[in-house]
Amino acid sequence: MQSFRVDRLWPDPAADLDLDEAFAEFAPGPFPDGRPLVGVNMVTSIDGRAQLGGRAEGLSGRADRRLLHLYRVAFDAVASGAGTLRADDFYSHLPADLAARRTAAGRPAQPTAVVIAGVGPVPTDRRWFSHADQPRVLVVGGGPATGEPPGTELLVAPTDQPEPIWILERLAERGIHSLLLEGGPTTNAAFLAADCFDELYWTIGARLLGTDAMPMIAPIPGGSPWGEHPREGQLVSIHRSGDELFLRYRFGRIRP
Ligand SMILES: NC(=O)c1ccc[n+]([C@@H]2O[C@H](COP(=O)([O-])OP(=O)(O)OC[C@H]3O[C@@H](n4cnc5c(N)ncnc54)[C@H](OP(=O)(O)O)[C@@H]3O)[C@@H](O)[C@H]2O)c1
């Protein structure tokens, strides 16, 4: 397996670390009161675009691909919006070495995979539906009845666009206490609007696009509650891989 090197720029600067070792102790938190923790993982270009030709692929290099998996190791569940499933044939399944790291810690080998849809079509032919050893939850809006894809639990929300708090409550009932949200920008905006946005893992790919592609977080419909009083973030760490940066911010309301 290919290994990647990173420099930790802050805190405790250290050069030429193995990426896996640098993130071996990674754990989200502290946890908010009353609901699962939400960490958001996104990659953008230097000019802040989260899409390249309508997809996320190509915005960053292979070290970031490995880091995506390293973040997933630490979460109970990994979620994406339906727009991302329509755009990308992605999956949330961990490679064997990282699944083994979870089982060694007494946790399920795979995080629960979650897709959050509203009332639009869900492409059930995607690879996301293909891993028999991974629990899957498909959240849909309360529109016309949707069939339950094989091996996937269907959660039907009482609203057309499932509310983040409602989703997190249902996941908590299933023993899920941390959710890694991997976009897209519309879903990120819904979680920010609901004040369910505790941490951000942001990769800045060393590329400029100059396009009108979506940013990391879409504008919140009806206006942002943070427009006048921005949500303050705390910088937790910065790593560098070649010309790319991996940043971690904390936004959560911290449990005293
Ligand atoms: N750069 C990155 O790191 C990254 C990461 C992920 C995705 N992406 C890119 O982002 C694009 C997709 O993003 P997107 O913003 O169009 O789609 P998205 O956020 O993945 O999904 C949006 C959909 O989520 C559903 N939804 C469920 N609950 C909702 C709520 N409360 N509020 C709003 N929507 C809700 C709606 O589905 P219905 O349509 O069914 O109503 C909505 O259309 C793709 O190009 C993908 O490649 C980039």
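Residue numbers start from 1 along each chain as its sequence is written, and side-chain values use heavy atoms, with hydrogens and water left out. Because the model is predicted, local features need pLDDT of at least 70 and side-chain atom pairs count only at pLDDT 80 or more, while totals for chains, interfaces and linings use all residues.

**View 1. A nonpolar surface patch includes W10.** L9, W10 and L235 make this patch of about 260 Å². Patch members have over 30% relative accessible area and no salt bridge; nonpolar side chains (Val, Leu, Ile, Met, Phe, Trp, Tyr) are joined within 5 Å, and like charges within 9 Å. Areas come from the Shrake-Rupley method with a 1.4 Å probe, and for residues only the protein chains shown count as cover. W10 belongs to strand 1 (residues 5-10); strands are DSSP runs of E with at least two residues, and helices are runs of H or I with at least four, numbered from the N terminus. With a relative accessible area of 42%, W10 is partly exposed (buried means under 20%, exposed over 50%, partly exposed in between).

**View 2. The second largest pocket has a volume of about 200 Å³.** Its lining includes R8, F23, Y71 and H239, and strand 10 (234-241) and strand 11 (244-250) each supply at least two lining residues. A pocket is an open set of points on a 1 Å grid where a 1.4 Å probe fits, with protein on both sides within 12 Å along at least five of seven lines; lining residues have an atom within 4 Å of a point. The volume is the space filled by probe spheres set on the points, which are joined across faces, edges and corners.

**View 3. D16 and R5 form a salt bridge.** Their closest N and O atoms are 3.0 Å apart. D16 lies in strand 2 (residues 14-18) and R5 in strand 1, so the pair ties together parts 11 residues apart in sequence. A salt bridge needs a side-chain nitrogen of Lys or Arg within 4 Å of a carboxyl oxygen of Asp or Glu.

**View 4. D88 pairs with R55 in a salt bridge.** The closest N and O atoms are 3.1 Å apart. D88 counts as buried at 12% relative accessibility, whereas R55, at 35%, counts as partly exposed.

Definitions and conventions
Buried < 20%, exposed > 50% of the residue type's maximum accessible area, 1.4 Å probe, protein only.
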